[in-house]
Amino acid sequence: DARSIAGECWELLPAKPWAPESTSSTPEEVDQEQPGVAGREADAAGKADNERTRGERSILLDRALTTLACLAARRDADPELVKKITACMDAGDAASGAAPYWRYQKYRLLVARDEPRELETCLNQWIHPDRADPTWRLALGYLMAEQGRLPEAIAQFEALEKADLLGPKEFRGLADWYMATDQREKCDAARLSALRASSEQELAN
């Protein structure tokens, strides 16, 4: 049942938040550490085994967390489970220095649980105007549009347009919002921008 599955998953997760494993060392780093050819090969093999083990462990933890999130997204989810996994994700976010992994996990959970207010609060907290990462502002724009708040959604996308962070898909969405709010000239301009931002392959299709 859900309770026993959740219990097994919590047993797999460490008490403290973890971070996904990074990439392995470069060949140059291995060479600098071990001058002998045989030593380099042995050291490289050992590192590869360790990295494989860490990678497998990271996958296991991710699957356990995803399983817990799926259980928490159910209509009949245990409120304590929801509270606990949310706290786990918040702790991971705080400990990792705003690593995308934890924020993406919480984003998925809030979307699955259909909690637009909490999601909007989180997205506003995660948006940093000084960073060239459109991820969360795009998500906020789409969230506002889904709620019928088109002027606010347009404002989010226009901010990204000024920073040259919109792609063809986003321009097409913006054009639809302009059309829905009776802004024909801006609609035409957004459609033209969508064409300009498209690759030759996209235009051919």
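Reader: What does the accessible surface of the protein chain come to, and what share of it belongs to carbon and sulfur atoms?

Author: Happy to start there. Accessible areas come from the Shrake-Rupley method with a 1.4 Å probe, and for residues only the protein chains shown count as cover. In this case the accessible surface is about 13100 Å², with 51% belonging to carbon and sulfur atoms. A word on the source: this is a predicted model, in which local features need pLDDT of at least 70 and side-chain atom pairs count only at pLDDT 80 or more, while totals for chains, interfaces and linings use all residues. Residues are numbered from 1 along each chain as its sequence is written, and side-chain values use heavy atoms, with hydrogens and water left out.

Reader: How many helices and strands are there in the protein chain?

Author: Helices (H or I, at least four residues) and strands (E, at least two) are DSSP runs, numbered from the N terminus. The protein chain here has 11 helices and zero strands.

Reader: What percentage of the residues count as buried?

Author: Buried means under 20% relative accessible area, exposed means over 50%, and partly exposed is in between (1.4 Å probe, protein chains only). Of the 205 residues in the protein chain, 33% count as buried.

Reader: And among contacts between residues at least 6 apart in sequence, what percentage join residues at least 24 apart?

Author: Contact means heavy atoms within 4.5 Å. For this protein chain the figure is 50%.

Reader: Let's turn to packing. At what angle do H7 and H9 pack?

Author: Axes are lines fitted to C-alpha atoms, for helices over the stretch in contact, and angles run from 0 to 180 degrees between N-to-C directions. Helix H7 (residues 135–146) packs against helix H9 (residues 168–180) at about 30°, and their axes are 12 Å apart. That makes the two helices, H7 and H9, roughly parallel. As for the cut-offs, angles under 35 degrees count as roughly parallel, over 145 as roughly antiparallel, 65 to 115 as roughly perpendicular and the rest as oblique.

Reader: Which residues of H7 and H9 meet?

Author: From H7 come Leu138, Gly141, Tyr142 and Ala145, and from H9 come Lys169, Glu170 and Trp177. They divide into four nonpolar, one polar and two charged. Here Ala, Val, Leu, Ile, Met, Phe, Trp, Tyr, Cys and Pro count as nonpolar, Asp, Glu, Lys and Arg as charged, and the others, Gly among them, as polar.

Reader: H7 also packs against H8, I see. At what angle do their axes cross?

Author: The axes of H7 and helix H8 (residues 150–162) cross at roughly 160° and come within 7 Å. H7 and H8 are therefore roughly antiparallel. The H7 side of the contact includes Arg137, Leu140 and Met144, and the H8 side includes Leu150, Phe157 and Leu160. By class, the residues of this contact are 10 nonpolar, two polar and two charged.

Reader: Now H5 and H6: which way does the crossing of H5 past H6 go, left-handed or right-handed?

Author: A crossing is left-handed if the near helix is turned anticlockwise from the far one by less than a right angle, and right-handed if clockwise. H5 passes H6 in a left-handed crossing. The axes of H5 and helix H6 (residues 116–126) come within 9 Å and cross at roughly 155°. That makes H5 roughly antiparallel to H6. Arg103, Lys106, Tyr107, Leu110 and Val111 in H5 meet Glu118, Leu119, Cys122, Leu123 and Trp126 in H6. This contact holds seven nonpolar, no polar and three charged residues.
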